[in-house]
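These are my notebook entries on a structure that I examined. I record each item that I looked up in turn.

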Amino acid sequence: MRNSLKSWVLGGVAALALSTVALPALAQTKTLKFVSWQKDERGVGDWWASVIKEFETKNPGVKVEWTKVERGAYADTMTTLFAGGKPPEIVHLASFEFQKFADQGWLEDLSPYIKSSGLNLDGWAGQSSCQWKGKPVCIMMLYFGNIFAYNEEMLKKEGIAPPTNWAEYVAAARKLTKDTNGDGIPDQFGTGHETKGGGGQYLSELMNYTLDAGGRWTDNNGKVTINTPQMIEGLARWKEVVKNSLTPRDLTAGETRQMFADGRIAMKLDGPWLYPIILRGKAKDQIKIAAPPFNPPLGGSSNILGMASEIPADTKKLVWDFIAIATSDKFQTDYATLAASTPPSPRAKTDGAKAATPHFDLLVQTAQAASKAGVDRIPKGLEIQYNEFAKMIMEESQRMIIQDLDPKAVAATMQAKAEAIQKQ
Amino acid sequence: MAGGRFSLDLARPSRQHWLGYILLAPAVLLIAAIIIYPLFVSVDLSFQNVGIARLDQPRRPFTTANYERLFTSPDFWNACWVTLKLIVIVTSACCLLGLGTALLVNNRFKGRSLARLFVAMPWAVPEVIAVVIFAWIFDSSFGLMNWIFLSLGFIDKTINWFSDPTAAFAVVATTMVWKGYPFVSIMCLAGLQSIPDDYYAAARVDGANAWQRLIHITLPNLRPVLGVTTILVMLWIFRDFSIIYVLTGGGPLKATQTLSIMTYEQAFGFFRMGYASAIGVVTLIICVIAAKLMMSRAPENL
């Protein structure tokens, strides 16, 4: 009994001694939370890891707690974190969702930090999209242009040259869609689009066709412009591709990318992120990358980096240090190489990226072509209502295909519904 | 100390019930914190025009606009109709299949333990895994079901299971039945084993055939179990989210959009938490009424 009591006393003294030594050390450790869906993404995930490493080296005693949240659950998780008053200090959001957070006042105005650090954002791709109520609330991390990838072997087998316009593209897609094993089920497709999933991706897939037809959801003043001959033509093209099953039906974007990489889809229009998937696919040696047959190519802002507004001033300074590293010339240059994507900074050196990614110049060209044409996936004037707008477009397009409706009538319905959404 | 000012003599006959209250208090407080408080917040939010809700923000003015909008919204009535259809179809199928399999594995035969295991297996499979399996089975381009139907000559071209409203509803209902029937089966099996063998022996002596024994002995004795099970299955369908969300997301054309999917979409898709709370409150009321109605029709010993 006495021994037991003695051991308890000694244990208590030891714990007290340890705590007096350890507590100041613990107090010196500050943690910044950083939530991202890109953590495990090959290339871009490695780049974020290098930014974090640099930040922690420059700021001893400050750790970045990097957590992955799946893209599908991202908006819910971030909303819950912000609404619960525990937002991540470093805010990473998709460019189509940050507006809701900015509108709530949850994103810090970055203009004082930009000014004091002397960060030059002239020519920074897509940065104008980060303005919210006249203030920069974020830094654009990627503005991309779609590339066109095709399976050269499949096209050669059918005697088809890579298409350069819509007519050639659809003719090729028709010829390449077939049942190769004779079981009555088509198992090779001309092209591939997501037709199952969220409205945002559906809208992006559909825009490949509406942009080439000259259509836009809204004009530069934010006025809805869906009921136009150009948009009707774009919708008719989408209907032709999907209704005739020139794309596999009911697959997600990830599944279609994998099918393309494995040689089950002949042609694919997609962003720079397609290339790392191609490299892991069974058909990687058969795939070639070229300029899209559509003009202008789909492009736009992708994701943003910002700062939570409801955090202490000293923490804000640390978050800006993190943003400053990510936006530095060195790390923008690394971004091009590691992520094989077009860095938004005009000062990034892309020589290394060109050596590592054979089609890097093409990525730059398509991004510039999309930017020059003022293309973005988020329609002007519908930023706040984007999710609802995208869902409406998806449902009306599905209705057009399922009920075999005239694209002209569908465009009129979309116009009326989009105006109603905008007025809410 | 015993006679101290703040002493609590639980041994006194007049205070013996206090111990019960004290022991219950933590559980009551916990329930209040995790059920009653959020429920209160939800009801409160449903009467405010709130986009993204925050507890530290001042309360917005009282309004009934969310409910007015809800009851005039065709989407809401569509969601009610889809939920009702799912409840009727899935509950009926689960009960029939569950009762049938329970009667089957209640008999003595070789391999009965294995059969019982197979009957209960879908219940043990996590919902998301079940959904992934069914998503593959019903894949429009490479799914097993299209291949089987084509091979058997039932169809001459593939069915786009998730692009057709009727087909998508059928897929969701099938998945829910597969996931839900083992629960009914297990409950019925437990109920069947509590029916005394004497009843059946007496019925046989009286010349009752198998059908008569089922109608006059088995089903009446199973009524309490079946009643409770039906209510639980019904409530499960009401609140189930993951099966529909992962399979169809409520589409196409809202053909599988139930009240729970609609609530989620309004809250986290469109950030209308006041409106979403109104849908949640109405769903709760419908659940309570439905459960109460079923309980009131159940026998006294339920």
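**Entry 1: A pocket**

I looked up the second largest pocket and found a volume of about 1200 Å³. A pocket here is an open set of points on a 1 Å grid over the protein atoms alone, where a 1.4 Å probe fits, with protein on both sides within 12 Å along at least five of seven lines. The volume is the space filled by probe spheres set on the points, which are joined across faces, edges and corners.

The model is predicted: local features need pLDDT of at least 70 and side-chain atom pairs count only at pLDDT 80 or more, while totals for chains, interfaces and linings use all residues. Residues are numbered from 1 along each chain as its sequence is written, chains are lettered from A in the order in which they are written, and side-chain values use heavy atoms, without hydrogens and water.

I then listed the lining (residues with an atom within 4 Å of a point). It has 38 residues, and B:P38, B:V41, B:S42, B:L45 and B:S277 lie nearest the pocket centre. By class, I noted 22 nonpolar, 11 polar and five charged residues. Ala, Val, Leu, Ile, Met, Phe, Trp, Tyr, Cys and Pro count as nonpolar, Asp, Glu, Lys and Arg as charged, and the others, Gly among them, as polar. Among the elements that each supply at least two lining residues are α3 (74-83) of chain A and α1 (16-46) of chain B. Helices are DSSP runs (H or I, at least four residues), numbered from the N terminus.

**Entry 2: Salt bridges**

I searched the whole structure and found 27 salt bridges over all chains. A salt bridge is a side-chain nitrogen of Lys or Arg within 4 Å of a carboxyl oxygen of Asp or Glu.

Is the pair A:K391 and A:E395 buried or exposed? Both residues are buried, where buried means under 20% relative accessible area, exposed over 50% and partly exposed in between (1.4 Å probe, protein chains only). Their side chains meet in a salt bridge at 3.6 Å, N to O. Both lie in helix α16 (residues 386-402) of chain A, four residues apart, about one turn of the helix. I also traced a salt-bridge network that links A:K391 and A:E395 with B:D75, B:K254 and B:E265.

A:K354 forms a salt bridge with A:D361, the closest N and O atoms being 3.5 Å apart. A:K354 counts as partly exposed because its relative accessibility is 36%, and A:D361 is partly exposed at 39%.
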